[in-house]
Amino acid sequence: MAQQNGMVEKRGAGHWLTHAGLILGVLFIFFPIWLAFVASTVTQPEIARPPMPLLPGGHLWQNYSKALTSGINAPVALMLFNSAVMAIGIAVGKIAISLLSAFAIVYFRFPGRHLFFWLIFLTLMLPVEVRIVPTYEVAANFGMLNSYGGLILPLVASATATFLFRQFFMTVPDELAEAARVDGAQPMRFFVDILLPMSRTNIAALFVILFIYGWNQYLWPLLITTDPSMNTIVMGIKQMFPSGDDLADWPVIMATSILAMIPPVLVVIGMQKLFIRGLVESEK
Amino acid sequence: MEKRVTFKGVWLPLLLVLPQLVITAVFFFYPAGQAVWQSLFIPDPFGLSMQWVGLGNFEYLLSDPYYRASFVTTAVFSVLVTVVSMGVALVLAVLADRLIKGSGAYRTLLIWPYAVAPAVAGVLWMFMFNTRVGVVTWYLGQLGYDWNHVLNGTEAMGLVVVASAWGRISYNFLFFLAGLQAIPRSVIEAAAIDGARFWTRFRTIVWPLLSPTTFFLLVVNIIYAFFETFGVIHTITAGGPQQSTTILVYKVYADGFVGQDLGSSAAQSVILLVVVSILTIVQFKFVERRVHY
């Protein structure tokens with residue numbers, strides 16, 4: 001029996017040690033989140049007198065509704081909405097422009113094709129963090145401070161997505177384009193009716209990765225949104241701490257941290273297969 | 001690689017690449033050019049005019065002890081983050097790979113911190129080690145250890161390293177586990193028949209076969225530590241105490257936006273640009289290797 005070739009897999013004590021090690025790892029991963037969750041269910045005085053309890057209290061509803069409806073500088077519900085607009089905007093924007101340009105690069109011979117390809121390639125080397133001051137000036141000159149456009153557009157250009165779709169289009173059999181051409185189909189017809197449906201899984205996998213990328217942005221929203229009502233949730237948490245020596249409103253801040261984690265974590269767990277696929281492919 | 005079958009037309013493809021071209025030009029090339037240009041000037045104290053200084057900003061930077069210290073800080077920080085997150089991930093991946101059943105369940109439990117933003121991870125760890133209310137701080141206090149990362153630079157560095165590595169374990173775990181599972185069972189079993197114990201098998205077979213994954217992760221993690229940990233630093237230490245956690249990316253922000261020293265910040269951007277280019281080229285070389293392996 002296949003199960004019997006256990007000479008490599010340990011039995012007995014070794015087997016349990018393996019589980020023990022993994023459980024230890026899982027606990028290390030979970031502990032900070034568990035504490036944040038507990039802190040979001042107790043009252044401020046319970047936290048102010050350390051040690052705080054290690055089991056949840058009964059104030060979950062109060063803390064979360066206070067965070068969502070009034071927050072500290074702005075209602076967290078609004079920050080969640082801003083984050084959703086930003087994350088979806090970046091993911092959809094990147095995918096849309098990359099699909100179009102990859103289609104052009106693969107299926108046409110046009111002057112400047114190679115130059116264009118190299119221009120995109122270079123953007124791989126320029127993360128926002130490196131060019132923040134001048135990029136901020138550009139956005140300010142366009143009047144994009146405190147706007148969704150300013151949150152989204154500068155992060156939309158993406159070499160990774162273009163390369164991914166280019167690679168995928170290369171594997172699409174030539175016969176399909178041939179047949180479309182023989183039938184007299186316009187290029188865009190071919191793109192919409194054949195290429196897009198074939199790219200569905202790739203698009204979905206990339207969407208998962210880009211949604212998380214957009215949701216978790218910190219530095220750029222920190223610069224571009226000075227108005228609390230435009231804050232995204234991930235950058236807004238830090239703004240909830242008092243600047244002086246006052247004690248922070250920990251239960252509300254921790255409720256906000258939990259709320260900030262829920263959407264991307266749900267995406268990762270709910271779409272685990274697509275997520276892993278997207279991760280592995282976008283790094284190739 | 002070229003497609004054999006293509007469509008005719010010149011205007012349509014140009015129209016198709018236009019959106020990406022415009023966004024790239026406006027938000028990538030123009031600002032990057034600006035950074036290079038600004039790095040050659042210093043603004044006068046009133047910000048009314050710019051004075052050409054050539055490479056003066058660079059000379060000043062490289063002789064500035066704070067900037068050099070920031071280089072060292074960045075190196076220490078990236079190496080520690082990479083080693084800690086890859087080390088823990090490798091151990092967990094090796095353990096999960098030993099299981100016949102249930103490795104999928106552990107994978108689900110271990111991968112989701114990937115979705116937690118570095119800035120949120122920063123807030124979580126800052127809460128645990130908070131000097132006034134932190135749980136870990138309190139228990140350390142009971143044991144007689146007085147934790148204070150607000151005053152102690154070493155403790156501050158330790159905290160930002162652990163907070164940065166924590167969220168990164170998932171990513172490394174996923175790639176290590178995939179790498180381990182790609183190693184043919186027959187090779188390992190052959191060694192086991194020859195009497196090689198676990199540690200010998202790991203050292204002589206598994207580790208060498210895993211090396212492409214390890215190299216790849218090494219480069220990717222260093223890039224992560226350099227550029228994507230801004231949120232952790234900003235939420236936990238804001239670069240302090242006494243700049244002991246001011247990594248290069250944080251310094252670009254602190255000098256450019258907080259200190260309003262545009263010339264110096266631009267020169268730092270250019271230096272970072274060179275660093276990230278080198279890292280990207282190295283990454284591509286390794287990825288190339290990995291494909292041909």
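The model is predicted: local features require pLDDT of at least 70, side-chain atom pairs count only at pLDDT 80 or more, and totals for chains, interfaces and linings use all residues. Residues are numbered from 1 along each chain as its sequence is written, chains are lettered from A and ligands numbered from 1 in the order in which they are written, and side-chain values use heavy atoms, with hydrogens and water left out.

**The annotated region of chain B**

Select residues 71–283 of chain B, which an unreviewed UniProt entry annotates as "domain: ABC transmembrane type-1". UniProt positions are given here in the numbering of this model, feature names are shortened, and annotations may be inferred rather than shown by experiment. This stretch is 77% helix and 0% strand, with its end C-alpha atoms 21 Å apart. Helices (H or I, at least four residues) and strands (E, at least two) are DSSP runs, numbered from the N terminus.

Next, select B:Tyr171 and B:Phe175. Rings of Phe, Tyr and Trp (its six-membered ring) pair if their centres lie within 6.5 Å; planes under 30 degrees apart count as stacked, over 60 as edge-to-face and the rest as tilted. Over all chains, this rule gives 42 aromatic pairs. The ring centres of B:Tyr171 and B:Phe175 are 4.9 Å apart and the planes meet at 35 degrees, so this pair is tilted. Both residues belong to helix α7 (residues 153–181) of chain B, where a spacing of four residues separates them by about one helical turn.

B:Tyr171 is buried at 2% relative accessible area, and B:Phe175 is buried at 6%. Buried means under 20% relative accessible area, exposed over 50%, and partly exposed in between (1.4 Å probe, protein chains only).

**B:Thr82**

Move to helix α3 (residues 65–98) of chain B and select B:Thr82, which is buried at 3% relative accessible area. Contact means heavy atoms within 4.5 Å. Leaving aside neighbours within four places in sequence, B:Thr82 is in contact with B:Gly87, B:Leu218, B:Asn221 and B:Ile222.

**B:Asn130**

Select B:Asn130 in the loop between α5 (118–128) and α6 (135–142) of chain B. B:Asn130 is buried, with 14% relative accessible area. Not counting residues up to four places away in sequence, B:Asn130 touches A:Trp250 and B:Thr137.

**Helix α11 of chain B**

Select residues 248–258 of chain B, helix α11; nine of its 11 residues are buried, so this helix is largely enclosed by the rest of the structure. Among the buried residues are B:Tyr250, B:Lys251 and B:Asp255. Just after α11(B), B:Gln260 takes a positive phi of about 55 degrees.

**Chain A: the α9–α10 loop and α10**

Select A:Gln186 in the loop between α9 and α10 of chain A; A:Gln186 is exposed, at 55% relative accessibility.

Finally, select A:Pro187, A:Phe190, A:Phe191 and A:Leu195, which are buried in α10(A). They cover an arc of only 95 degrees around the axis (taken from the directions from the helix axis to the C-beta atoms), which puts them on the same side of α10(A). The buried residues of α10(A) pack against α4 (76–107), α8 (159–171) and α9 (174–182) of chain A, together with α1 (11–38) of chain B. A:Phe190 and A:Phe191 belong to one aromatic cluster, whose members include A:Phe103, A:Tyr107 and B:Phe7.
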